[in-house]
Structures are given as structure tokens and as C-alpha cells.
Amino acid sequence: MNRVESHAPSASRWWLGLLGLALLGCAAAAAVGWMRAAQSRHDLRLRDQEVARLQEAARKTERQLQQLQVGQDELERYRKQAEEVHRLRGQYQEWQRLKEEHAALKAENDRLRIALGGAPVARGSWIGISLTPGPGGAGVAVLTLAPGGPAANSGLQAGDVILAVDATPVTTFQQLKELIRAKPPGQAVVLDLSRQGTRFQLSVPAAPMPSFD
């Protein structure tokens with residue numbers, strides 16, 4: 001009887017020890033779970049901070065792109081203004097050249113008229129265009145057209161490249177002008193043209209060259 005009773009405290013201690021280990025295991029598991037949850041919250045905060053940083057960087061980049069676009073728009077506007085100034089300068093220079101040419105023609109006309117005893121002398125023909133070098137040295141390009149002039153009324157356009165006059169190839173301003181000037185007023189001038197890569201012919205009636213008096 002005494003031996004049986006002596007084993008009872010040992011069994012109790014064994015169960016208590018087992019219970020302690022179980023509680024310790026639960027506590028350890030709880031501690032690990034809490035640490036994992038804390039780590040997850042920390043990682044989530046870091047991700048939120050990284051997302052916020054990336055969003056701010058994206059907004060900054062977007063602002064920079066908008067500023068860059070504004071700058072590009074300004075540069076494009078200045079480029080177009082510069083092109084327009086260049087075009088107007090070329091038009092003005094061509095007009096000045098025409099005035100000087102007409103003044104020389106008028107002086108020669110007056111000299112011949114005096115030499116012929118006052119008889120009128122023809123100034124030649126024109127079709128109402130100003131010119132600029134053709135692309136790659138091919139022909140001569142139409143810079144401007146006189147409003148209501150023969151060329152404008154016949155469908156010629158600024159930018160058209162004149163390759164030949166009455167089947168005679170032209171490469172210089174002077175050559176083209178001399179060919180047109182030699183045509184009698186009212187007679188058709190047949191132009192071989194190139195417009196945006198398309199070649200065709202156009203007939204333009206020659207008109208008496210106007211006077212700048």
C-alpha cells in the first residue's frame with residue numbers, strides 16, 4: 001500500500017511537467033506567431049513606404065515630362081517662326097532682285113526707245129512667280145506666286161519644282177526667266193513640273209511683264 005502511494009507524487013509531477021512543456025510550446029508558438037505578424041507588419045510598412053516613394057517619383061517624372069513637352073512646344077514654335085522669317089526673307093530678296101531686274105530692263109528699254117526715236121520696245125513676258133533653288137540642284141522651285149498672275153490662275157503652286165520650259169531643261173533662275181521672257185505675250189508656256197514626287201505638265205499663258213513705274 002505504501003509503495004502504491006509513493007508512486008502517486010511521481011505521476012503527478014510527470015503530468016505537471018508534461019503540462020508545463022505543452023504550455024511552454026504554446027507560448028513559444030504564440031511568440032513565433034507574434035514575431036511573424038510583427039515582421040509582416042514591418043514588411044507591409046516598408047512596402048507602403050516604397051510604393052509611396054515610387055508614386056512620388058512617378059509624379060515628379062510626370063511633371064518633368066510636362067515641362068519638357070512645354071519646352072519642346074516652345075522650340076517647335078520658334079522653329080516655325082524661324083522658317084517663316086527665312087521664307088519671308090527669301091521672298092523679299094527675290095522681290096528686290098525682280099525690282100532691280102525690272103529697273104535694268106526699263107533703263108535698257110528707255111535707251112533703246114531713245115535710240116529708235118521714241119518707238120515702244122517690248123519688255124518681254126512673265127508668268128508671275130518668284131524662284132528658289134530646286135532640291136538637290138534639280139530644276140528651280142516656285143517660292144511665291146503673284147496673286148491673280150498667269151501662274152497662279154493656271155494652278156501652279158508654291159513648292160512646285162520646274163524641271164523644263166517648253167521641253168528645255170532648266171537649272172538656274174536666269175535660264176528659266178530668259179526662256180519665259182522670250183515667249184510672245186499670250187502664247188502658252190509648257191512647264192515640266194514635279195510636285196511631291198509626281199511629275200506632270202502644266203500650260204501657263206505668258207503675259208506682258210509689268211512695269212514698276
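**Salt bridges and the core**

Analyst: Glu83 and Arg79 meet through their side chains in a salt bridge at 2.3 Å, N to O; a salt bridge here is a side-chain nitrogen of Lys or Arg within 4 Å of a carboxyl oxygen of Asp or Glu. This is a predicted model, where local features need pLDDT of at least 70, side-chain atom pairs count only at pLDDT 80 or more, and totals for chains, interfaces and linings use all residues. Residues are numbered from 1 along each chain as its sequence is written, and side-chain values use heavy atoms, with hydrogens and water left out.

User: Where do Glu83 and Arg79 lie?
Analyst: Both are in helix H1, four residues apart, about one turn of the helix. Helices (H or I, at least four residues) and strands (E, at least two) are DSSP runs, numbered from the N terminus.

User: Which residues are linked in a network of salt bridges?
Analyst: Glu76, Arg79 and Glu83 are.

User: And how many salt bridges does the count come to?
Analyst: Six. One of them joins Asp160 and Arg195, with the closest N and O atoms 2.7 Å apart. Asp160 is in the loop between H2 and S4 while Arg195 is in strand S6, so the pair ties together parts that are 35 residues apart in sequence.

User: Is Asp160 buried or exposed?
Analyst: Buried, at 2% relative accessibility, whereas Arg195 is partly exposed at 23%. Buried means under 20% relative accessible area, exposed over 50%, and partly exposed in between (1.4 Å probe, protein chains only).

User: What else does the Asp160 side chain do?
Analyst: One of its polar atoms lies 2.9 Å from the backbone nitrogen of Gln157.

User: Switching topic: which strands does S6 pair with?
Analyst: S6 runs antiparallel to S4, with four bridges joining them, and antiparallel to S7, with eight bridges. Pairing needs at least two DSSP bridges between the strands. S6 and S7 form a hairpin with two residues between them, and Gln196 in the turn has a positive phi of about 55 degrees.

User: What about the largest nonpolar core?
Analyst: It has 18 residues, and among those touching the most other members are Ile129, Leu156 and Leu191. Such a core is a set of buried Ala, Val, Leu, Ile, Met, Phe, Trp, Tyr and Cys residues joined through side-chain atoms within 4.5 Å.

User: Which element gives the largest share?
Analyst: S6, with three residues.

User: And what does Leu156 contact beyond its sequence neighbours?
Analyst: Leaving aside neighbours within four places in sequence, its contacts (heavy atoms within 4.5 Å) include Ile129, Val142, Leu191 and Arg195.

Note on methods. Polar contact = N/O pair within 3.5 Å; in protein donor to acceptor, adjacent residues only side chain to side chain.
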